[in-house]
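Here is a short briefing on aromatic rings and their neighbours. Keep the structure open as you read.

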Amino acid sequence: MSPLSYYQLYELNHAALSPMRVAADIMKLMLQNPFNPLGQTPLGKNISAGLELFERTTRRYGKPAFGLPTTLVGGERVPVVEEIVWQAPFCNLIHFDRVLERPRTDPKLLIVAPMSGHYATLLRGTVDAMLPKHDVYITDWIDARMVPLTEGSFDLDDYVDYVIAMLQALGENTHVIAVCQPAVPVLAAAAVMEARNDPFAPRTMTLMGGPIDTRINPTAVNKLAEGKTIDWFEQNVVMKVPFPHPGFMRDVYPGFLQLSGFMSMNLDRHVTAHKEFFQHLVDGDGDSQTKHRDFYDEYLAVMDLSAAFYLQTVDTVFIKHSLPKGEMLHRGERVDLTAIRNVALLTVEGENDDISGVGQTEAAQHLCVNIPGDMRAHYVQPKVGHYGVFNGSRFRAEIAPRISDFILTHNRHRAVAPDAVPVEAVAPAAEPVAPEPKPAPGRATQADTLAALVLARPDGVADDLKLISGVGPKLEATLNGLGIFHLWQLAALTDKQISELDERLAFKGRVARDKWVEQAKTLARETTSS
């Protein structure tokens with residue numbers, strides 16, 4: 001008889017602790033009863049806190065709910081209804097349908113959630129931030145242990161096929177966001193669709209904190225994967241789903257093993273958080289208790305991954321680096337990133353990302369050489385780690401507005417780009433001659449310093465600088481603080497003034513990279529024409 005696997009031992013341990021969890025719950029409820037005098041004593045509060053901590057640390061956490069009943073559209077609070085609009089054995093496509101009194105033509109947005117252990121609800125904040133201005137859909141990947149073996153296998157090729165099928169189901173003019181791990185299959189799907197001249201290829205593609213080329217600034221996670229062989233992963237982390245789960249005998253990478261890896265990366269932080277939670281329970285600090293429960297109810301909810309998908313992803317992305325080398329295959333055919341010509345590309349990274357190092361996602365910009373220069377942008381968010389790229393206050397204030405601006409900028413129909421050579425080798429086409437936006441009379445424009453351009457106050461009504469792709473509310477406020485209030489000021493920037501602005505705001509080339517001057521000239525001309 002073969003020895004029990006770790007998965008079977010985990011299930012036995014969980015079952016053995018079930019009576020103790022029930023007893024802990026009962027005792028906690030007794031101590032929290034207002035008629036129990038012991039519950040109000042220091043001893044009673046410490047015992048009650050310890051019982052809740054025991055129950056929470058030994059519980060299996062189920063899939064959380066998105067919990068987004070409403071959103072704000074055009075200043076009005078409207079209901080949101082979740083509905084499944086596309087299904088496959090390993091994924092449901094959820095539509096967040098905004099119940100609007102007047103129909104809107106907001107861009108369709110497909111958010112591809114990572115299939116890397118946590119549920120799609122980890123992107124609750126991402127969905128919430130995009131709902132006001134977009135018609136949002138999200139991939140809801142299914143726990144592999146819940147998929148019967150009769151449904152067949154699921155690997156990286158299937159993942160790419162799923163993305164293509166969902167984009168085709170959503171129709172033309174769909175935009176896609178890939179968060180972390182799906183950056184690779186989404187980029188591959190776009191390449192496959194463009195190579196086939198598929199009319200349902202996405203209008204824009206936003207890649208956030210994704211491992212496009214893990215040879216750049218490799219993190220501890222990248223080094224671990226590269227330091228092992230694929231056989232090591234197959235022998236040490238792949239297990240069969242035990243009875244009585246629906247996916248009995250399916251090969252998976254178990255969720256509890258993934259969670260162990262997540263927590264071991266910052267173990268001291270998690271231990272401290274639980275010690276503080278215990279003290280909050282004793283002190284009766286309800287707000288802090290709620291924050292802890294909300295975070296860990298999400299963080300500790302994990303799902304099993306199909307072993308075929310996991311192993312192929314590790315081998316393709318982290319060991320062989322097949323995509324950046326031009327060697328990645330989909331259904332036996334090479335994925336050609338140079339085929340992407342008509343999909344606008346935005347890459348977003350976090351300055352302190354310890355999962356996907358800075359530069360790994362930006363690599364897509366250098367690989368997709370046939371995307372025109374005015375259809376690409378890159379942004380590095382200062383002072384955020386991996387999760388801050390798609391969640392949190394800085395995401396809502398600085399990243400989400402940039403994504404929305406980029407999508408709205410490229411939401412119009414665009415003529416199919418002709419066969420092109422790499423953008424680095426193409427001289428920029430001459431623009432039609434048009435009158436340059438003129439500064440207000442009496443201002444010095446010849447002086448080549450920023451001081452000659454800035455104003456003490458707006459000349460009339462300040463322009464909305466957020467119309468510039470790459471400028472969010474916080475950056476607009478910073479520019480206003482420097483004395484830049486109008487599009488004509490940005491349109492009139494000289495090279496020396498741009499360098500000075502770079503130094504003042506630590507932009508590191510963002511003005512030139514995001515083409516602020518060109519955007520400002522275009523916007524100023526449109527404003528003058530209208």
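This predicted model holds 20 aromatic pairs. A pair of aromatic rings is described by the distance of the centres and the angle of the planes.

**A stacked pair: Tyr10 and Phe256**
- The ring centres of Tyr10 and Phe256 are 4.3 Å apart, and their planes meet at 5 degrees, so this pair is stacked. The cut-off for stacking is under 30 degrees.
- Tyr10 belongs to helix H1 (residues 6-32), while Phe256 belongs to helix H8 (residues 255-265). The pair therefore ties together parts that lie 246 residues apart in sequence.
- Tyr10 is partly exposed, at 27% relative accessible area.
- Phe256 has 17% relative accessibility, so Phe256 counts as buried.

**An edge-to-face pair: Phe66 and Phe96**
- Phe66 and Phe96 pair edge-to-face, with 85 degrees between the planes and 5.1 Å from centre to centre.
- Phe66 sits in the loop between helix H2 (42-57) and strand S1 (70-73), and Phe96 sits in strand S3 (residues 91-98). The pair therefore ties together parts that are 30 residues apart in sequence.
- Phe66 and Phe96 are both buried.

**An aromatic cluster**
- Which residues form one aromatic cluster? They are Trp86, Phe90, Trp141, Phe154, Tyr159, Tyr162 and Phe309.

**Charges over rings**
- Lys228 lies over the face of Trp232, 4.7 Å from the ring centre.
- Arg402 lies over the face of Tyr379, 3.9 Å from the ring centre.

Note on methods. Residues are numbered from 1 along each chain as its sequence is written. This is a predicted model: local features need pLDDT of at least 70, side-chain atom pairs count only at pLDDT 80 or more; totals for chains, interfaces and linings use all residues. Side-chain values use heavy atoms; hydrogens and water are left out. Rings of Phe, Tyr and Trp (its six-membered ring) pair if their centres lie within 6.5 Å; planes under 30 degrees apart count as stacked, over 60 as edge-to-face and the rest as tilted. Helices (H or I, at least four residues) and strands (E, at least two) are DSSP runs, numbered from the N terminus. Buried means under 20% relative accessible area, exposed over 50%, partly exposed in between (1.4 Å probe, protein chains only). A charge sits over a ring if NZ of Lys or CZ of Arg is within 6 Å of the ring centre and within 35 degrees of the ring normal.
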